[in-house]
Amino acid sequence: MANILIVDDEETFARNAAKFLEKGGHSVRVALTAADGLDVCAAFGPDLVVLDYRLPDMDGLMVIGRIRRLDPEVPILMITGHGSIELAVDAMKAGANDLLTKPVALGELRQRIGLLTERQRESSRLRYFEARERDAGQLESLVGDSTVMCELRERIRRIAGIEAREALPPVLIIGETGTGKELVARATHFCSERRDKPFVEVNCAALPANLLESELFGHERGAFTDARERKLGLLEAADGGSLFLDEIGEMDRALQAKLLKVIEDGRVRRLGAVQERQVNVRIVAATNQDLEDHIRQGLFRADLYFRLRVLQINVPPLRERVGDPLQLARHFLVEFGQRYRKSGLAFTPAAEAALVSHPWPGNVRELRNLVEQAVLFVSGASIGPADLLLPRSPEARPAELPTPGVVVPVDLRGSALERVEREMLVQALTQTGGNVSRAARELGISRDTLRYRMEKYGIGAATTGL
């Protein structure tokens, strides 16, 4: 329901309309003059204004201008007893969103108000998502202070700062799965002069070749069997902005030729159309594949590859980002702690050691998912190594707990993380003389969790006397 302000000098109509709308759940204020209406508007903050054209103290068009200075976005429904095309045009130019002619049926008034308020909600939601996209596309979203990440952000800044009279050269983003290529693509767009224009993305591996062509170029009605109406393609939808083609290595060769033509001359033709249309779109492509190898296999066009790589960005894998895994883990811990209403979460020193030691074959995506899972299932405020549920190497072999004072050799098999975690468990048990409860407290985990990890790594319970 909405807060509505009615500004009309016909008191009977204004009061009846207010009662009618209040029965529908709206909150309504009434003003009989323009001056009172502006005062109420400033204090009440309405979601919609119903405004009479002829008021005793001010022209309705002037009132619209005053309201717009108070609230540029509030919908205004103008009511007049002298409807004409000229007045309608003047009202729209002044900033009115709709026009009704007296006498006004209350049912129609309610319907128009419903349409305007719903349109306003959709507009607000759109602005919210656009703002969130812009925030997600800032360089700050690329978390990490390692040397390679600082170099990556600097390269993005330089590419984003390139200006041209005509279409900008394309950008090719290369990186392993899960490294954050989409974030890099967004930053390339939202840090550029095109930030207020569309950023459109499509995954080339998610659609068959014929559907991908229709998505990119659009089609005319009747172009093929299921083409019942005209459809705008993504290349046209991204006009003035950027089109992000993820997994470009999966694109069909025939479609690659059409994409190359768009890059070269900036013209697109919908399926079934005769005329071409000019577009100004920056192509940003990404892949985790070796495109040069694809060229040798005949899967990718060499001319398209060389055109795409005019500006190339290499996204480093997480294993090469010294110091970043722990920084990212803490960042995600705050993010998911807020999302799932679990404040005050922290990693134990053992968990942080595990995060540093893990090789992260799945890169940032693996780390992000692992931290989210830990936040969802942890019962206390501390997240230990066991809560991280890092994968166990199938080659890890069991071993018995050595006697106190004996130096523990590191098992050379299994992942680096598992070797570190196992050594920490054994050392904690050694230092506490095999007391599982004390060792669990030292490690910041529960007694049951420690028992589970002992069983996982084959640390013999017989030696502890349990």
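Guide: Leu61, Ile64 and Arg68 of helix H3 meet Asp90, Ala91 and Ala94 of helix H4, where contact means heavy atoms within 4.5 Å. By class, this contact holds four nonpolar, no polar and two charged residues; Ala, Val, Leu, Ile, Met, Phe, Trp, Tyr, Cys and Pro count as nonpolar, Asp, Glu, Lys and Arg as charged, and the others, Gly among them, as polar. The model is a predicted one, in which local features need pLDDT of at least 70 and side-chain atom pairs count only at pLDDT 80 or more, while totals for chains, interfaces and linings use all residues. Residues are numbered from 1 along each chain as its sequence is written, and side-chain values use heavy atoms, with hydrogens and water left out.

H3 covers residues 60-70 and H4 residues 85-94; helices (H or I, at least four residues) and strands (E, at least two) are DSSP runs numbered from the N terminus. Their axes come within 9 Å and cross at roughly 20 degrees. Axes are lines fitted to C-alpha atoms, for helices over the stretch in contact, and angles run from 0 to 180 degrees between N-to-C directions. H3 and H4 are therefore roughly parallel to each other, a term for angles under 35 degrees.

H3 also lies across strands E3 and E4, running at about 170 degrees to E4. These strands belong to an open sheet of five, in the order E2-E1-E3-E4-E5, with parallel pairing; two strands pair if DSSP finds at least two bridges between them. Strand E2 (27-31) and strand E5 (98-101) stand at the edges with a single partner strand each, so one side of each is left without a neighbour in the sheet. On average, neighbouring strands of this sheet are turned by 20 degrees against each other, direction ignored.

Within the sheet, strand E1 (residues 3-7) runs parallel to strand E3 (residues 48-52), and four bridges join them. Valine 7 has leucine 51 in E3 as its bridge partner. Helix H1 (residues 11-23) packs on the sheet as well, touching E1, E2 and strand E4 (76-80). The direction of H1 makes about 175 degrees with that of E2.

The part described belongs to a chain with 20 helices and 16 strands.

Technical notes. Parallel < 35°, antiparallel > 145°, perpendicular 65-115°, else oblique.
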